[in-house]
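Visitor: Before I use any labels for this model, I would like to know what stands behind them. Please set each value against its cut-off.

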Amino acid sequence: MSESNTSSNPDRPESDPTQEVLGGPQGDTTRKDPEEWVTGDEPMTGAQRSYLDTLAREAGEELPADLTKAQASEHIDRLQSASDRTS
């Protein structure tokens, strides 16, 4: 015979608005504003450089080659939204 447990799950954190949880209603926590990136001030990656070069050429734009990771990400998002590309 199984017992019905009406108390809260002891493995689940109580509702504490200051406690960060996974799977909560906070929305998409995988996307962070590039301005908040810990490594955002580092030079853009090789992959960013290559993709941004393609997007900029397709858009007829020229961009500085010394962008940071955060700046490159912002340009990629902007150029993607202006084109048919999504990622």
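Guide: The structure holds three salt bridges. It is a predicted model, in which local features need pLDDT of at least 70 and side-chain atom pairs count only at pLDDT 80 or more, while totals for chains, interfaces and linings use all residues. Residues are numbered from 1 along each chain as its sequence is written, and side-chain values use heavy atoms, with hydrogens and water left out.

Visitor: Why is the contact between the side chains of K69 and E42 called a salt bridge?

Guide: A salt bridge is a side-chain nitrogen of Lys or Arg within 4 Å of a carboxyl oxygen of Asp or Glu. For K69 and E42 the N to O distance is 3.0 Å, so the pair meets the definition.

Visitor: What makes K69 and E42 a link between distant parts of the chain?

Guide: K69 lies in helix α2 (residues 69-82) and E42 in the segment before α1 (46-59), 27 residues apart. Helices are DSSP runs of H or I with at least four residues, strands are runs of E with at least two, and both are numbered from the N terminus. On that basis the chain has two helices and zero strands.

Visitor: Is K69 buried or exposed, and how do you know?

Guide: Buried means under 20% relative accessible area, exposed over 50%, and partly exposed in between (1.4 Å probe, protein chains only). K69 has 17% and therefore counts as buried.

Visitor: What makes R57 and D53 a salt bridge?

Guide: Their closest N and O atoms are 3.1 Å apart. R57 and D53 are separated by about one helical turn because they are four residues apart in helix α1.

Visitor: Why is R57 called exposed?

Guide: The relative accessible area of R57 is 56%, so R57 is exposed. D53, at 42%, counts as partly exposed.

Visitor: How do you know that R78 and E61 meet in a salt bridge?

Guide: The N to O distance between their side chains is 2.9 Å. This pair, too, links distant parts of the chain: R78 is in helix α2 and E61 in the loop between α1 and α2, 17 residues apart. R78 counts as partly exposed at 36% relative accessibility, and E61 is partly exposed at 29%.

Visitor: What describes two packed helices?

Guide: Two packed helices are described by the angle between their axes and the distance between the axes. Here the axes of α1 and α2 come within 10 Å and cross at roughly 40°. Axes are lines fitted to C-alpha atoms, for helices over the stretch in contact, and angles run from 0 to 180 degrees between N-to-C directions.

Visitor: Which residues of α1 and α2 meet?

Guide: Contact means heavy atoms within 4.5 Å. Among the residues that meet are Y51, L52, L55 and A59 in α1, and K69, I76, L79 and Q80 in α2. The residues of this contact divide into eight nonpolar, four polar and one charged. Ala, Val, Leu, Ile, Met, Phe, Trp, Tyr, Cys and Pro count as nonpolar, Asp, Glu, Lys and Arg as charged, and the others, Gly among them, as polar.

Visitor: Why is A59 called partly exposed?

Guide: A59 has a relative accessible area of 44%, so A59 is partly exposed. A59 and Q80 are 21 residues apart in sequence and 9.6 Å apart in space, C-alpha to C-alpha.

Visitor: How many of the residues count as buried?

Guide: Of the 87 residues of the chain, 18% count as buried.
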